[in-house]
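Please keep the structure open beside you as you read.

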Amino acid sequence: MSVSKYFSQRNKPETDDLADCFINLENDLVSQLNNLNYGPNIVYIYSPLEYAFNLHKIFLKKFLNANKKVLFLGMNPGPWGMCQTGIPFGEVNIVRSYLRVVGEVLTPTNYHPQRPVTGLDCHRSEVSGKRLWDLFIELSDGDPYRFFKDCFIHNYFPLALMNENAKNITPSDLKSEYQKKLQEICDKSLSDVVTLLHIDTIVAIGKYTEKRLYEFLIPVPAVLAQQKNGKMRH
């Protein structure tokens with residue numbers, strides 16, 4: 001995990017509802033990504049911002065009502081986290097007990113039987129997401145409003161790609177010819193998100209997002225953090 005500074009332009013949103021502006025950016029991003037070709041090995045494409053839109057929107061309306069200082073940036077949805085809830089790093093038990101968000105999650109039209117989507121009824125746990133939320137819970141003394149007062153969470157690429165064996169194919173796994181257009185679209189969308197929310201600091205979760213920040217945003221010294229024994233170290 002690395003921390004990168006990015007001072008955005010203070011552009012005024014087109015509407016007074018920040019969550020709606022954010023949703024418009026996400027819808028545009030998903031629309032563009034849905035038209036891309038990710039290669040012959042990609043058989044299943046999960047788009048949780050679409051089939052879990054109800055739950056995702058409730059989350060945004062609850063916690064995205066003011067500008068933020070810090071953005072925690074992940075790479076893409078995990079099968080037992082955001083793929084189930086539509087919330088980045090959205091481990092089901094955390095969504096229910098800490099965020100206290102409930103809502104409808106539809107079933108994707110095309111999914112692998114080993115990676116079903118059951119929404120908040122999912123009994124599997126997204127381990128990496130839980131570790132991150134455990135840190136947030138500790139920092140906020142168990143109050144999500146304290147965390148979201150200055151912070152927000154977001155994924156660089158909002159789709160989950162899988163091959164015929166249900167293996168998760170991340171953007172970094174794709175051949176360069178497929179990565180290029182994806183990165184052009186996601187880089188632009190991330191820039192719009194940073195501007196919209198008035199983000200000052202981006203915390204990159206993982207090497208891929210760290211690399212995208214260095215290549216696309218203003219390069220600055222980074223503070224690296226590692227996970228050890230389930231805890232974040234830096």
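His 198 is buried, because its relative accessible area of 18% falls under the 20% cut-off. The place of His 198 is the loop that runs between α8 and β7 (201–204). Keep in mind as you look around that this is a predicted model.

**Two residues with positive phi**

- His 198 has a phi near 60°, a positive value in a residue other than glycine.
- Arg 100 is also worth a look: its phi is near 55°, again positive in a residue other than glycine.
- Is Arg 100 buried or exposed? Arg 100 counts as exposed, because its relative accessibility of 62% is over the 50% cut-off.

- Helix α5 covers residues 92–99, and its buried residues are Val 92, Ile 94, Val 95, Tyr 98 and Leu 99.
- An α-helix has 3.6 residues a turn, so residues three or four places apart point the same way.
- Which helices do the buried residues of α5 pack against? They pack against α3 (53–63), α4 (82–85), α6 (127–139) and α7 (144–150).
- At the start of α5, a side-chain oxygen of Glu 91 comes to within 3.1 Å of the backbone nitrogen of Asn 93.

**How α8 packs against α1**

- Two packed helices are described by the angle between their axes and the distance between the axes.
- Helix α1 (residues 18–33) and helix α8 (residues 176–197) have axes 10 Å apart, at an angle of about 175°.
- The two helices α1 and α8 are therefore roughly antiparallel to each other, because angles over 145 degrees count that way.
- From α1, the contact is made by Leu 18, Cys 21, Phe 22, Leu 25, Leu 29, Gln 32 and Leu 33.
- From α8, the residues in this contact are Ile 185, Cys 186, Ser 189, Asp 192, Val 193, Leu 196 and Leu 197.
- By class, the contact of α1 with α8 is made up of 11 nonpolar residues, two polar and one charged.

**How α8 packs against α9**

- The axes of α8 and α9 cross at roughly 75° and come within 11 Å.
- On the α8 side, the contact is made by Gln 179, Leu 182, Gln 183, Asp 187, Lys 188, Leu 190 and Ser 191.
- On the α9 side, the residues are Tyr 208, Arg 212, Leu 213 and Phe 216.
- The contact of α8 with α9 has five nonpolar residues, three polar and three charged.

**Thr 209 in helix α9**

- Thr 209 belongs to helix α9 (residues 207–216) and is buried, with a relative accessible area of 1%.
- A polar atom of the Thr 209 side chain lies 3.1 Å from the backbone oxygen of Ile 205.
- How far apart are Thr 209 and Leu 73 in sequence and in space? The two are 136 residues apart in sequence, and their C-alpha atoms are 7.0 Å apart.
- Leaving aside neighbours within four places in sequence, Thr 209 is in contact with Leu 73, Gly 74, Met 75, Tyr 156 and Ala 204.

- His 56 lies in helix α3 and counts as buried, at 3% relative accessibility.
- Beyond its neighbours within four places in sequence, His 56 is in contact with Glu 26, Leu 49, Thr 85 and Gly 86.
- Ser 47 is found in the loop between β2 (44–46) and α2 (48–51).
- Ser 47 is buried, with a relative accessible area of 7%.
- Which residues does Ser 47 contact, leaving aside its neighbours within four places in sequence? Ser 47 is in contact with Val 30 and Leu 159.

**Cysteines**

- How many disulfides does the model have? The count comes to zero, on a rule that asks for a pair of cysteine sulfur atoms within 2.5 Å.
- Cys 21 is buried, with a relative accessible area of 8%, and takes part in the contact between α1 and α8.
- Cys 83 also counts as buried, at 0% relative accessibility.

Technical notes: Residues are numbered from 1 along each chain as its sequence is written. This is a predicted model: local features need pLDDT of at least 70, side-chain atom pairs count only at pLDDT 80 or more; totals for chains, interfaces and linings use all residues. Side-chain values use heavy atoms; hydrogens and water are left out. Buried means under 20% relative accessible area, exposed over 50%, partly exposed in between (1.4 Å probe, protein chains only). Helices (H or I, at least four residues) and strands (E, at least two) are DSSP runs, numbered from the N terminus. Contact means heavy atoms within 4.5 Å. A polar contact is a pair of N or O atoms within 3.5 Å; within protein, one must be able to donate a hydrogen and the other to accept it, and residues adjacent in sequence count only if both atoms are side-chain atoms. Axes are lines fitted to C-alpha atoms, for helices over the stretch in contact, and angles run from 0 to 180 degrees between N-to-C directions. Angles under 35 degrees count as roughly parallel, over 145 as roughly antiparallel, 65 to 115 as roughly perpendicular and the rest as oblique. Ala, Val, Leu, Ile, Met, Phe, Trp, Tyr, Cys and Pro count as nonpolar, Asp, Glu, Lys and Arg as charged, and the others, Gly among them, as polar.
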